[in-house]
Amino acid sequence: MTDIKWIFNTKIIHLATYTTLKHTFYFIFALLALVSCKENVFDVNIPSPKKSTYMGDDLKLSKEAYYDKVLGALVGSAIGDAMGASTEMWRRKDIQLKYSYITGFTPAVREQSPEGTWGHNLTAGATTDDTRWKFAMVKYLSKYQNDLNPQHFADFITDYYTALARSLSDNGDIPKTDFLDTQIEKIDWIKEWARVAMAYRDNPAAYQRSLNRFYGGEMSCAGQLYTPMFGLVSATPEDAYSIAYDHSIFDIGYAKDISGLVSAMTQVAMRTQNMDSIIDAATFIDPEGYQDSRLVGRIAYSVADASVKNVLEVKDLVLTDSLSATDSLIFKMPKGFTGNQKDWIHQEMVYQYLEKDEKAIAFHSGEIWQILVTALQFGEGDFEKTMQFVVNYGRDNDTVGAVAGIILGAKDGYSNLPVALRTEALRVNKENMGIDLEALAHEMTERNAANFTE
């Protein structure tokens with residue numbers, strides 16, 4: 001029995017050895033054949049396209065033109081912020097009940113809050129944290145000049161928070177209550193940001209934890225409050241995107257892409273009046289390769305593309321001159337609207353499209369981006385038409401207005417903004433809010449002195 005097993009096992013070994021040798025022989029033969037035929041192989045190497053820089057050369061402006069555009073961007077942003085300040089987070093039907101149709105500034109009748117006006121019931125033209133962030137960014141840009149990086153940005157925010165906290169007890173005395181209230185308001189505003197900034201600077205693991213609880217862990221519009229400012233100091237749209245993306249340390253997911261895009265759009269607006277070119281930044285500027293995302297693709301582009309198509313489709317509708325009784329109620333034109341009945345129907349239909357995609361919170365980055373692109377497309381480059389569309393829609397209208405305002409202000413320049421709005425925005429911000437927008441524009445102009453043309 002043992003002999004039979006030995007013979008059987010031996011044959012299996014021989015068979016296995018034979019099979020292995022056979023496969024090895026085939027492999028060697030195929031390899032030799034490949035080597036011998038190498039010279040006869042027809043090698044085709046079709047070249048890949050080279051990605052070009054969007055909008056071409058580095059931005060070059062005269063000192064006067066640059067100052068006008070920077071001041072236009074700062075004032076345009078402040079106008080959008082102020083126009084939305086009194087109805088921030090409202091629904092559009094409530095806006096119509098209170099104000100009919102907003103075409104300018106309304107008194108900021110609201111309680112003070114860290115993200116709000118820092119004062120109860122302020123005058124028309126008062127601004128919120130959207131404009132305070134522009135002030136802070138001018139100081140950051142001046143302090144670090146051409147050495148902009150997220151580490152310095154985290155230091156900047158941390159230092160501001162630290163200075164506020166120390167001011168409460170620096171002199172050793174118990175601070176007066178009014179002073180305490182003022183400082184605590186400022187601390188309440190910046191502490192969410194400081195928590196993330198301090199962790200980003202010191203501890204990667206802590207940074208991830210703090211980022212995931214920033215404003216409740218939602219994909220908020222954090223970056224869009226300040227990243228458009230990088231578009232004012234960058235040489236190309238791609239540079240503007242990349243610097244903004246690196247600085248979007250409070251954003252998660254595709255909110256970082258959006259923060260980069262609003263910076264790029266602002267930079268494009270510094271060099272062209274063409275709204276298609278500005279909006280097309282969402283198509284052609286993608287340094288981080290979001291378009292390559294498996295299964296999902298690039299959400300910011302998909303949202304922008306759908307928004308543009310919807311506006312074009314609505315405006316292409318042929319409307320009759322008469323309305324039914326039902327239509328008259330659905331499309332009731334609010335008092336103060338500057339267009340005709342057909343114009344209002346178009347605007348109302350676009351509003352209804354936006355409402356279908358409302359997020360759980362109004363300051364969701366994706367929602368603000370969708371409203372922004374829709375408003376820019378609907379307004380066709382007209383500053384007042386765009387601002388009125390944004391503000392009367394409601395939701396986080398001061399933030400959307402501020403982002404749209406900085407883009408259109410950079411496009412038009414201060415000299416081409418509506419006279420009444422720009423004059424009042426300058427005055428109220430300087431006299432009531434303590435923010436001198438002209439001084440900030442001069443500061444940014446001096447910072448970029450080396451980049452001007454003759």
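**A buried asparagine and its surroundings**

Mentor: Let's begin with Asn 448, which counts as buried because its relative accessibility is 4%. Keep in mind as we go that this is a predicted model.

Trainee: Where does Asn 448 lie?

Mentor: Asn 448 is in the loop between α19 (437-447) and β2 (452-453).

Trainee: And which residues does Asn 448 touch?

Mentor: If you leave out residues up to four places away in sequence, Asn 448 touches Tyr 66, Leu 232 and Val 233.

Trainee: Let me zoom out. How many helices and strands are there in the protein chain?

Mentor: The protein chain has 19 helices and two strands. It runs to 454 residues, and buried ones make up 50% of them.

Trainee: What about contacts between residues at least 6 apart in sequence, how many join residues at least 24 apart?

Mentor: That share is 70% in the protein chain.

Trainee: Which residues form a nonpolar patch on the surface?

Mentor: Phe 42, Val 44 and Ile 46 do, and together they have about 400 Å² of accessible area. Ile 46 sits in the loop between α1 (2-36) and β1 (61-62).

Trainee: Why does Ile 46 count as exposed?

Mentor: Its relative accessibility is 68%, so Ile 46 counts as exposed; the cut-off for that word is over 50%.

Trainee: Which residues is Met 265 in contact with?

Mentor: Setting aside neighbours within four places in sequence, Met 265 is in contact with Ile 278, Ile 279, Ala 281, Trp 369, Leu 376 and Ile 407.

Trainee: And how many residues apart in sequence are Met 265 and Gly 231?

Mentor: They are 34 residues apart in sequence, while their C-alpha atoms are 7.4 Å apart in space.

Trainee: Last topic, the backbone. What is the phi of Met 55?

Mentor: Met 55 has a positive phi of about 70°, although it is not a glycine. Most residues other than glycine have a negative phi.

Trainee: Where is Met 55, then?

Mentor: Met 55 is in the loop between α1 and β1. With a relative accessibility of 28%, Met 55 counts as partly exposed.

Trainee: And what phi does Ser 100 have?

Mentor: The phi of Ser 100 is positive as well, at about 60°, and Ser 100 is not a glycine. Ser 100 lies in the loop between α3 (92-99) and α4.

Trainee: How does Ser 100 count in terms of relative accessibility?

Mentor: At 22%, Ser 100 counts as partly exposed.

Notes. Residues numbered from 1 in each chain as written. Predicted model: local features only at pLDDT ≥ 70, side-chain atom pairs only at ≥ 80, totals over all residues. Heavy atoms only, no water. Patch = residues over 30% accessible without salt bridge, like charges linked within 9 Å, V, L, I, M, F, W, Y side chains within 5 Å. Areas by Shrake-Rupley, 256 points an atom, 1.4 Å probe, with all protein chains shown as cover. Salt bridge = Lys/Arg side-chain N within 4 Å of Asp/Glu carboxyl O. Helix = DSSP H or I, 4+ residues; strand = E, 2+ residues; numbered from the N terminus. Buried < 20%, exposed > 50% of the residue type's maximum accessible area, 1.4 Å probe, protein only. Contact = heavy atoms within 4.5 Å.
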